[in-house]
Amino acid sequence: MAINMTDEERKKMEELKTRIANRVEVARVSAGLAPLSISTVSEGEKAPTSSASTALSPDGSSRNLAKSPSSAGVGRSNSVLGKFMRSKSGKDGGVTSPSASGAMSPQPPQQASGASTPAVGAGKASGTDTPAGNNSSFFSANGAVTEGGIPIVDLKDHKDFLCDVTYIRYLRARQLDLDKAEDMLYNSLVWRSSKHPEREICQACLNNRRAHTMRVVGRDIHGRPVFYSHFAGVENRDPDDNIQHLIWMLENLFTSDVETAQQYVWLLDFQGFSVSDMNPSIGKKSLTLFSDQYPERLGKAIIMDSPWVFSGLWKILSPFIDAKTHEKISFISLDERSKLFESLLPADVIEALDRDILAVRDPESLELLDWWSHSSTSEDCPSRKLATRV
């Protein structure tokens, strides 16, 4: 059953939007870029609203809310930034910026009168903003504007990501602590500006449809996508390829439609697990990705049929899992699955999932099984949709 966003959450969400917008603009001015509120929104222009203002429910689904100010913060009053710029202007038109110690350090002055000043966005075919003075050291290899190798966030690039649901997820992940939520969300924006996860494609799956087994097999009774993965039949165990697959799946599920369920259920079947899978690197990288970049996405994790040898790996990984996530994890045996499935999944998904579970335990079926075209899989491999774009 859905619940309303609390008054406290709503208030802190708006404060977090303002904080993120101001933090991004100060970083841009520090790098010599035009602030977003000046360069992208004309005087008096009304800030755009989020395309879908929604709140999360305990089961991960979402509900519509009244439209709020722009989730990206573009077009907000730039009084804070303007005060920063005016009070810190230096000689010859130079702008000072805070150093690591807190002291103000001079930035390159504007060009002499009569010289043409590069317009924001000029000087790069990619269309990224150009720092004052057209200093090419601000650009990374992929054309992103950087300062000291760290991407400068452009909120225009994250309009879909910065919906109300995102702000609430990050707030809840940090128990509504604004300072911690701000740091966490800003770091995610930097990561997304550098990594561009929304463009990620699992190359391993494109090259080999049996590379990874993690796939969507249906939806639970709350509308949440259900992942099913198993160790049997996996043909690619490279840690980085596994991370790429996780990003690919999560971005395809949650980026485009925020009005659907915002969490997932993951059934991790240990059929086929062996000592060769005792690589904590994959587990640690996955846990870091989930906690730092996809907070509050996990609705339920079901670990099925784990062997005793896994207990050693679990002891290594368990400290990296917070208490709230621990509560979402259930360990079950193969014979115990029916009771849990019946409380969580529709009958057709249970039937389809049981067929998959039995198939991966049959050596002959396992050898021939195509994870993405098996009759029991209700949602196709995203590679079929993306292959035409590659």
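This is a predicted model: local features need pLDDT of at least 70, side-chain atom pairs count only at pLDDT 80 or more; totals for chains, interfaces and linings use all residues.
Let's start at Leu344. Setting aside its neighbours within four places in sequence, Leu344 is in contact with Asp220, Ile221, Arg224, Val265, Lys300 and Ile302. Leu344 sits in helix H11, residues 337-344, and at 10% relative accessibility it counts as buried.

Now let me step back to the whole chain. There are 390 residues, and 48% of them are buried. The secondary structure comes to 14 helices and 11 strands. Among contacts with a separation of 6 or more, 70% are between residues 24 or more positions apart.

So where do the nonpolar residues gather? As general background, nonpolar side chains in soluble globular proteins tend to be buried together. Here, the largest nonpolar core has 34 residues, and the members that touch the most others are Phe227, Leu246, Leu250, Tyr264, Trp266 and Leu289. Several elements each supply at least two residues of this core: helices H6 (203-207), H7 (239-254), H8 (280-293) and H9 (310-317), along with strands E9 (264-269) and E10 (298-304). Which of them gives the most? That is H7, with eight residues.

Not counting residues up to four places away in sequence, Leu246 touches Met214, Trp266, Ser286, Leu289 and Phe290. There is also a second, separate core, this one of 24 residues, and Val24, Ala27, Leu178 and Ala181 are among them.

Let's stay with H9 for a moment. Its buried residues are Phe310, Leu313, Trp314 and Leu317. Looking down the axis of H9, you find these buried residues within an arc of 105°, so they line one face of the helix. Here's a handy reminder: an α-helix has 3.6 residues a turn, so residues three or four places apart point the same way. And what do the buried residues of H9 pack against? They pack against H8, E10, helix H10 (323-326) and strand E11 (329-332).

The axes of H1, residues 7-30, and H4, residues 164-173, come within 10 Å and cross at roughly 100°. The two helices are therefore roughly perpendicular to each other. On the H1 side, the contact uses Glu9, Lys12, Met13, Leu16, Lys17 and Ile20, while H4 brings Asp164, Tyr167, Ile168, Leu171 and Arg172. By type, the residues of this contact divide into six nonpolar, no polar and five charged.

Next, some loops. Just after H4, Gln175 takes a positive phi of about 50°, and it is not a glycine. Gln175 is in the loop between H4 and H5. Is Gln175 buried or exposed? At 59% relative accessibility, Gln175 counts as exposed.

Glu296 also has a positive phi, near 60°. Glu296 is placed in the loop between H8 and E10, and with 15% relative accessibility Glu296 counts as buried.

Last stop: the loop between helix H5 (178-195) and H6, where we find Pro197. Pro197 is buried, with a relative accessible area of 0%. Leaving out residues up to four places away in sequence, Pro197 touches Trp191, Arg192, Ile247, Glu251 and Tyr294. How far is Pro197 from Ile247 in space? The C-alpha atoms are 6.5 Å apart, although the two residues are 50 residues apart in sequence.

His196 is in the loop between H5 and H6 too. His196 is buried, with a relative accessible area of 17%. Between the C-alpha atoms of His196 and His158 there are 10.0 Å, and along the chain these two are 38 residues apart.

That's my tour, and I'm happy to take questions.

How values were computed: Residues are numbered from 1 along each chain as its sequence is written. Side-chain values use heavy atoms; hydrogens and water are left out. A nonpolar core is a set of buried Ala, Val, Leu, Ile, Met, Phe, Trp, Tyr and Cys residues joined through side-chain atoms within 4.5 Å. Buried means under 20% relative accessible area, exposed over 50%, partly exposed in between (1.4 Å probe, protein chains only). Helices (H or I, at least four residues) and strands (E, at least two) are DSSP runs, numbered from the N terminus. Contact means heavy atoms within 4.5 Å. The arc is that of the directions from the helix axis to the C-beta atoms. Axes are lines fitted to C-alpha atoms, for helices over the stretch in contact, and angles run from 0 to 180 degrees between N-to-C directions. Angles under 35 degrees count as roughly parallel, over 145 as roughly antiparallel, 65 to 115 as roughly perpendicular and the rest as oblique. Ala, Val, Leu, Ile, Met, Phe, Trp, Tyr, Cys and Pro count as nonpolar, Asp, Glu, Lys and Arg as charged, and the others, Gly among them, as polar.
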